[in-house]
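This briefing concerns a single structure, which is displayed below. Please keep the display at hand while reading the points that follow.

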Amino acid sequence: MTKTKTVYFGAGWFNDKQNKAYNEAMAALKANPTIDLENSYVPLQNQYKGIRVDEHPEYLHDIEWATATYRNDLTGIKTSDIMLGVYLPDEEDVGLGMELGYALSQGKFILLVIPDEYYGKPINLMSWGVCDNAIKISELKDYDFNNPRFGFYDGAVY
């Protein structure tokens, strides 16, 4: 298989649980032969002027940083083949919710990736409804992005 698909990598990085899931999902993508990670859009790697607000929270009040980062992320969704959302059932992320909705409006295939230890827990009805498939992080390295298919989530919704 060749690396032909790009993803928008929607994932939080603001606490230990999010960082763990982020790093596990990123490692799986790096091992996946169907992903062109070099040309994919990873928001953390595309913060305006390289400024990370987790390291410089003062920029949360900077309208130029906020606008440019937001607009770049929208461009990342529009120009990627697939929207991938790293989803933590116990920690709803309004930013990821917006990204998922925007990806749907752009006609993107949407894949939720859930840490194995949380897979099966109830997830938000809207996040479930917008996604085309939901898989465990352990399945991500072998997921065929060249042949995406619909699949149901094996858990409840709320």
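Against which strands and helices do the buried residues of H3 pack? They pack against strand E1 (7–10), H2, strand E2 (82–86), E3 and H4, where contact denotes heavy atoms within 4.5 Å. The model is a predicted one, in which local features need pLDDT of at least 70 and side-chain atom pairs count only at pLDDT 80 or more, while totals for chains, interfaces and linings use all residues. Residues are numbered from 1 along each chain as its sequence is written, and side-chain values use heavy atoms, with hydrogens and water left out.

**Helix H3**

- Helix H3 covers residues 94–105; helices (H or I, at least four residues) and strands (E, at least two) are DSSP runs, numbered from the N terminus.
- From its first C-alpha to its last, the 12 residues of H3 reach 17 Å, close to the 16 Å expected at 1.5 Å a residue; the expected span is 1.5 Å times one less than the number of residues.
- The buried residues of H3 are Leu96, Glu99, Leu100, Tyr102 and Ala103. Here buried means under 20% relative accessible area, exposed over 50%, and partly exposed in between, with a 1.4 Å probe and protein chains only.
- Because these buried residues fall within an arc of 165° when H3 is viewed down its axis, they line one face of the helix. The arc is taken from the directions that run from the helix axis to the C-beta atoms.
- An α-helix has 3.6 residues a turn, so residues three or four places apart point the same way.
- Val94, Leu104 and Ser105 are exposed on the other side of H3.
- At the start of H3, a side-chain oxygen of Asp93 comes to within 2.9 Å of the backbone nitrogen of Gly95.
- Gly107 follows H3 and has a positive phi, near 75°.

**Strands E1, E2 and E3**

- E1 and E2 pair in the parallel sense over 4 bridges, and E2 and E3 pair in the parallel sense over 5 bridges. Two strands pair if DSSP finds at least two bridges between them.
- Tyr8 has Met83 in E2 as its bridge partner, and Phe9 stands opposite Leu84 in E2.
- Gly85 has Leu112 in E3 as its bridge partner.
- In E1, Val7 and Phe9 point one way and Tyr8 and Gly10 the other way, and all are buried.
- E2 is mostly covered, with 5 of its 5 residues buried. Ile82, Leu84 and Val86 lie on one side and Met83 and Gly85 on the other.

**The segment before E1**

- Thr6 lies in the segment before E1 and is buried, with a relative accessible area of 10%.
- Not counting residues up to four places away in sequence, Thr6 touches Asp36, Asn39, Ser40, Thr79, Ser80, Asp81 and Ile82.

**Salt bridges**

- The structure holds 8 salt bridges, each being a side-chain nitrogen of Lys or Arg within 4 Å of a carboxyl oxygen of Asp or Glu.
- Lys20, Glu24 and Glu117 are linked in a network of salt bridges.
- Because Lys20 lies in helix H1 and Glu117 in the loop between strand E3 (109–114) and helix H4 (125–130), the pair ties together parts that are 97 residues apart in sequence.
- Relative accessibility is 30% for Glu24, 42% for Lys20 and 44% for Glu117. Glu24 therefore counts as partly exposed, as does Lys20, and Glu117 likewise counts as partly exposed.
- Another salt bridge joins Lys49 to Glu64, with the closest N and O atoms 3.5 Å apart. Since Lys49 lies in the loop between H1 and helix H2 (63–79) and Glu64 in helix H2, the pair ties together parts that are 15 residues apart in sequence.
- Lys49 is exposed, with a relative accessible area of 61%, whereas Glu64 counts as partly exposed at 41% relative accessibility.

Conventions. A polar contact is a pair of N or O atoms within 3.5 Å; within protein, one must be able to donate a hydrogen and the other to accept it, and residues adjacent in sequence count only if both atoms are side-chain atoms.
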